[in-house]
Amino acid sequence: MDLTHRHYTCHHLRTLSPPPITHQKRSLSSLNLKAPFPFNKLTLFTKNLSQTFVRGAISRKGGASVKEEETVVIEKRVIRIGRFDVSEGHPAPFGATSRDGGVNFSIFSGNSVAATLCLMTLDDLEEVWVYADSMMLVSGSGPTNKVTEEIPLDPESNKTGDIWHVFLKGDFTDMLYGYKFDGKYSPEEGQHYDSSKILLDPYAKAVISREEFGVAGPNDSRWPQMGGMIPTSEDKFDWEGDLPLKYPQRDLIIYEMHVRGFTRHESSKSKYPGTYQGLVEKLDHLKELGINCIELMPCHEFNELEQFSYNSVLGDYKVNFWGYSTINYFSPMVRYSSAGNRGCGRDANNEFKLLVKEAHKRGIEVIMDVVFNHTAEGNEKGPVLSFRGVDNSVYYMLAPKGEFYNYSGCGNTFNCNHPIVRQFIIDCLRYWVMEMHVDGFRFDLASIMTRGSSLWDAVNVYGKPIEGDLLTTGMPLSSPPLIDMISNDPILRGVKLIAEAWDAGGLYQVGAFPHWGIWSEWNGKFLAMVLTYVSDSYRIKLSLAYPPHPSTYRDTVRQFIKGTDGFSGAFAECLCGSPNLYQEGGRKPWNSINFVCAHDGFTLADLVTYNEKHNTANGEDNNDGENHNSSWNCGEEGEFASLSVKTLRKRQMRNFFLCLMVSQGVPMMFMGDEYGHTKGGNNNTYCHDNYINYFRWDKKEESTTDFFRFCSHMIKFRQECESLGLNNFPTAKRLQWHGHAPGKPDWSETSRYVAFTLIDSVKGEIYIGFNTSHLPVTVALPERPGYKWEPFVDTGKPTPYDFLSTEVEPRESAIKQYSHFLDANLYPMLSYSSIILLLKPDNFA
């Protein structure tokens, strides 16, 4: 090894002995020092590069004290290992950081006793340990992990507190990194250290392993060795002045989507199908639809092959298509990139940045669906990839004997309110906002982030005991430290924060999620889950039951639109932004994220086509997925139905979408619903990388003049109306309820008609009505002397007369068809139909 000469000015008191260092500019004998410190105390003098020590003595001359000083030069120890110069490094920031002409590596591991930095090349990754099945690590058919360089870290010079760190200079071309940690292997004490495993740094900014989505690695491995990207000073991206759009949340139209599924189908004709780049090619479709915010299903690095198994029903293989099983939270999913492993992940990062930049150019914000409730490491039978091997008892919520709490339903629970873990989450969210320019986050199973951490201790969390505090691990906290930190963070409090306010442990917080005035919630119904594991695949089967709760948007709207008795009052609450859930807590309508359909459950087309789930294609004998869908097939089950049934289904789809667009709160739709995408009645398509989940661009083209047209016009109408995105809940000054007669709403159990008028500063007065009866009805309209009601939207009419936009010809003739009714202040409605009328001056009054 070489010792490079570096000089630091050190002043030290004569009574303080510095450590002996070889190859100094001044010899130890020349310093005339006594009792030198042992060599391993060197870090006391070299950790801080600007530190100085004074060598001096006090003498008296003429009664005056005189301080004699001498500057002593002590060198920083730099070791040469292979092609790298190695020194002690810095404990902050975490991760790999390019600085000072080299790279600083820093990682927390509080319970390890030894650490080794492993440097690898892409070629090294092909010589790996392999897994015999989708989860269990064995070494039978593959060689041990190969590394180019191993840098053992000295616990004296390369560790500060519980943070290991090292600084390297050298040639990092095509290099990746990971760590080995040694310590106690005692699962019953929560420790899983194994020095043979190369682990991912939780702070790695890109993860490299397999390059192609759905294709196994070397030796047919589904869990090949992974490595983290090493940054360089040359890592640059031209943002072209990109700035956050900062739309008020009440103005958002959210489009939940899957990156790969959006362009993977051959009908997309994308040059880069199934990638971030492919999505960029199709952003203009979203602009045409009127979308101003996309919510990306998980794009953090995950392993789509973790549940890889042959599906005899379809003759293909099941994969984790949705991605709710994170391996690394800082890395974009590399296999969603057309660049693959090129640039060791840098090109994939830049491709994600390109997506965000191009979305912003089109006026579209980007929200990420993040999964801080569990990781891909599963329970005690799962793989050791990163967090478990770094410090299992810190990153996971553990029972006293080391068992994993399973509030996520996926085998483990992220220990979110532990001080280390919550800082990790804050750092991660900040990175995606500051470095990747995303505009917000939707937190999957967010209620887990409100639960007490392992070994809950109020003194540890709040700095003092709390009177009457009997909280134990996993108990819900009224003021969760993590939510508090996010809500008051100077960077994060300014982005969109959306909670899926429940978890698989039965905690349901819709309307009651700790919010600090800025959090929104998915306004849907939670289903309590009874969890059992299938030993060969670790898949979860669910028994479902509704817990008691207030009415929520998704399920109330589904029930009322399909004509279920007893929901008229709850439906009216939904139209107003669910004040029953949010008003009392001081929140606003925009705290409610309204949706009828999402990735989990029926599509909009399937909601009106199937009474029952049809999940046989999942290979689980139709036992998986939700049994309570609040759906209605309009009289016949399945796609092959009579013309009258198909006509009614189209009408119901329009009814649902119209309701979504005229409700206070923030509307969210799911990818493909704008043309009527069907999954064949499958409400749990997590495992299908095929046509079931792919956006069908050919079907979209067929719908351009039909349902897609209706959707785009309804979105535009909402955006034009000042009254359909209110900052506060509507009052009687603006909104008036009606029934079949004006001013006489019917809130009885059997009522199936709800209507209201809304004062709008742009459109004037608007009349909106919903008839969910199986019978047609003629309704009386409010009288407005000097004005008349003009038809604008009627879902009972065929396209293009369902929406009388300016391009409809002959528009005036279509309006006059109902003049004899409107002259009498009446309007006829078909069964299961909804209308929007606009108040116009009566030029003949």
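Two strands count as paired if DSSP finds at least two bridges between them. Strands (E, at least two residues) and helices (H or I, at least four residues) are DSSP runs, numbered from the N terminus. This is a predicted model, in which local features need pLDDT of at least 70 and side-chain atom pairs count only at pLDDT 80 or more, while totals for chains, interfaces and linings use all residues. Residues are numbered from 1 along each chain as its sequence is written, and side-chain values use heavy atoms, with hydrogens and water left out.

**The chain overall**

The chain contains 19 helices and 40 strands. It has 845 residues, of which 59% are buried; buried means under 20% relative accessible area, exposed over 50%, and partly exposed in between, with a 1.4 Å probe and protein chains only. The accessible surface is about 32700 Å², and carbon and sulfur atoms account for 51% of that surface. These areas come from the Shrake-Rupley method with a 1.4 Å probe, and for residues only the protein chains shown count as cover. Among contacts in the chain with a separation of 6 or more, 72% join residues 24 or more positions apart; a contact means heavy atoms within 4.5 Å.

**The barrel**

Eight strands form a closed barrel with parallel pairing, in the order β20-β21-β26-β27-β28-β29-β32-β33. From one strand to the next the twist averages 25 degrees. Axes are lines fitted to C-alpha atoms, for helices over the stretch in contact, and angles run from 0 to 180 degrees between N-to-C directions.

Strand β26 (residues 365–370) has six of its six residues buried, so the rest of the structure largely encloses it. On one side of β26 lie E365, I367 and D369, on the other V366, M368 and V370, and all are buried. Strand β21 (residues 293–296) runs parallel to β26 and is joined to it by four bridges, with C293 opposite E365. Strand β27 (residues 440–443) also pairs with β26 in the parallel sense, over four bridges; here D369 has R442 as its bridge partner.

Helix α15 (residues 643–662) lies across β32 (592–595) and β33 (666–670), at about 145 degrees to β33.

**A helix pair**

Two packed helices are described by the angle between their axes and the distance between the axes. For α7 (residues 387–395) and α8 (residues 419–434) the angle is about 120 degrees and the axes are 9 Å apart. The two helices are therefore oblique to each other: angles under 35 degrees count as roughly parallel, over 145 as roughly antiparallel, 65 to 115 as roughly perpendicular, and the rest as oblique. In this contact F387, V394 and Y395 of α7 meet I420, V421 and F424 of α8. By class, the contact has six nonpolar, no polar and no charged residues. Ala, Val, Leu, Ile, Met, Phe, Trp, Tyr, Cys and Pro count as nonpolar, Asp, Glu, Lys and Arg as charged, and the others, Gly among them, as polar.

Strand β8 (residues 102–108) is mostly covered, with seven of its seven residues buried. G102, N104, S106 and F108 point one way, and V103, F105 and I107 the other. β7 and β8 form a hairpin with two residues between them, and D100 in the turn has a positive phi of about 50 degrees.

| Strands | Bridges | Residue pair |
|---|---|---|
| β7 (residues 95–99) and β8 | five bridges | R99 and G102 |
| β8 and β14 (residues 163–170) | six bridges | S106 and H165 |
| β36 (residues 764–771) and β40 (residues 833–841) | six bridges | I766 and L838 |

D85 lies in strand β6 (residues 84–87). Leaving aside neighbours within four places in sequence, D85 is in contact with V78, I79, R80, F167, L168 and K169.

**The open sheet**

Five strands form an open sheet with antiparallel pairing, in the order β34-β35-β36-β40-β38. Its edge strands, β34 (735–738) and β38 (787–794), each pair on one side only. On average, neighbouring strands of this sheet are turned by 20 degrees against each other, direction ignored. Helix α12 (residues 568–575) lies across β34, β35 (753–760) and β36, and runs at about 25 degrees to β35.
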